[in-house]
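Reader: I would like a close look at one part of this model. Please keep it brisk.

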Amino acid sequence: MDTQVATEVVNQLSMWDMVWSSDLITKAVMIGLIAASVWSWAIIFEKINTLRQVKRLSKHFEERFWSGGSLDKLYDSIGNPQDPMSAMFVAAMKEWRRTNIMKSKTDRGLRGVSLQQRIEKAMMVSMDKELDDLDNHLGFLASTGSVAPLVGLFGTVWGIISCFNAIAVTQSNSLTSIAPGIAEALFTTAFGLIAAIPAYIAYNMITSDIDRYAKKLENFLAEFSSILSREIDDTTIKAEMAGE
């Protein structure tokens, strides 16, 4: 009979009733976990949308880059780059043009400094900056995935301790009196898992996606560097032949 009554009492309590009827520490734990879960989902949706857009723009840029058109015309048409790959291309072309302008103003050139190395460095700096932007806020997902279950467990332990203290004060150990307190305590563990599981899965999925995209950027850097290397060699040969 006590079991049936206790079940009815717990069923009559909604989730929010349990949150607001709990003690201050248990309430703070549950509200904090709910807030962490909401913020985690906001980050997840934002990152998924950003990566989808970045991949689409990069694919469009690659199609234009490998179409065989003039690199100078492509550079002039980009303006403000909207994806990491085009940002790397713009950084390289800026260094290329800056060097050509400086060489046209002086016959001493830029001795001791390799144009190829400067272009590669400009592309790597741009790539690192863009990847850092993509990684932004992912640390929160990692922290939520690892810490939220422990926070929920702390809330559960605290709630059970409070429940036993209440039993000692009231001298009542019936299920009717302790069931709501136990349910409140166990809810914190549930909230911890609700916050941690999506954050953990999303973190692994998004970081893997970013790593694959970073590999694609590295391949583009190597390919574009090879193109510029051939261009530099051709320019040098022509300059030497003209000097003769």
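Which residues do ring pairs link into a cluster?

Author: Ring pairs join F61, F65, W66, F89, F220 and F224 into a cluster. First, some ground rules. The model is predicted, so local features need pLDDT of at least 70 and side-chain atom pairs pLDDT 80 or more, while totals for chains, interfaces and linings use all residues. Residues count from 1 along each chain as its sequence is written, and side-chain values use heavy atoms, without hydrogens and water.

Now the rings. Rings of Phe, Tyr and Trp (its six-membered ring) pair if their centres lie within 6.5 Å; planes under 30 degrees apart are stacked, over 60 edge-to-face, the rest tilted. The structure holds 13 aromatic pairs. One of them is F220 with F224: stacked, 5.8 Å centre to centre, with 10° between the planes. Both sit in helix α8 (residues 175-243), 4 residues apart, so about one helical turn separates F220 and F224. Helices here are DSSP runs (H or I, at least four residues), numbered from the N terminus.

Notes. Helix = DSSP H or I, 4+ residues; strand = E, 2+ residues; numbered from the N terminus.
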